[in-house]
Amino acid sequence: MKESKFLKENTENLEKLLIIPGLQEFDLKDLGSILRRSKIRQYDNEEQIIQEGDHDALLFFLLSGGVRIEKGGKKITVLKRRGDMFGEMSIIDSSDRTASAFAEGKAVCLTTDASKIEDLSKNDRVAFGYILYRIFTEILAERLRKTTEKLIKAQEKIEQLMAQKKSPSNAL
């Protein structure tokens, strides 16, 4: 993994933040507080980014490439969209990492240390917290919608299999 130093509030870095869904509506000054606590990390293909069970306060935003999320060694999803966020669950509830993340190809991420929020002035802490939790709610709502759709499809498939099993035409 290659890692930059903490970022500065320059135009190029602010533009990187503005590709993240939900951040476009925020004041550039408020986004600067995120940048000052962020680094750019570059990962090679198959390099592990997050280890399931670890405990840290790093939040990741995908800038390019892809990231495969696995739980218990099983693939859950692959993130490919610029601005996709991962690693948020352990920040929301201060728990251990619930899944692992691996680079798919070369992956470049903006990494923010959410534990640094306490170092901010009161106004910056409120702005930083609001931005993060606004992003969290939007992303978690989207993921909940997708999970609900998958659950409904799985239930329908189970019902079809159960109906086939009960069907007299299957009994010979």
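Here is a walk through the salt bridges.

Modeller: Happy to! This is a predicted model, in which local features need pLDDT of at least 70 and side-chain atom pairs count only at pLDDT 80 or more, while totals for chains, interfaces and linings use all residues. Residues are numbered from 1 along each chain as its sequence is written, and side-chain values use heavy atoms, with hydrogens and water left out.

The whole structure holds 10 salt bridges, each being a side-chain nitrogen of Lys or Arg within 4 Å of a carboxyl oxygen of Asp or Glu. Take E88 and R143, whose closest N and O atoms are 2.4 Å apart. Because E88 lies in the loop between β6 (85-86) and α3, and R143 in helix α4 (residues 122-166), the pair ties together parts 55 residues apart in sequence. Helices (H or I, at least four residues) and strands (E, at least two) are DSSP runs, numbered from the N terminus. E88 is buried, at 3% relative accessible area, whereas R143 is partly exposed at 29%. Here buried means under 20%, exposed over 50%, and partly exposed in between (1.4 Å probe, protein chains only).

E52 pairs with K71, with 3.4 Å between the closest N and O atoms. E52 sits in the loop between β3 (48-50) and β4 (58-71), and K71 in strand β4, 19 residues apart. Both E52, at 27%, and K71, at 43%, are partly exposed.

R81 meets D84 at 3.0 Å; R81 is partly exposed at 44%, but D84 is buried at 10%.
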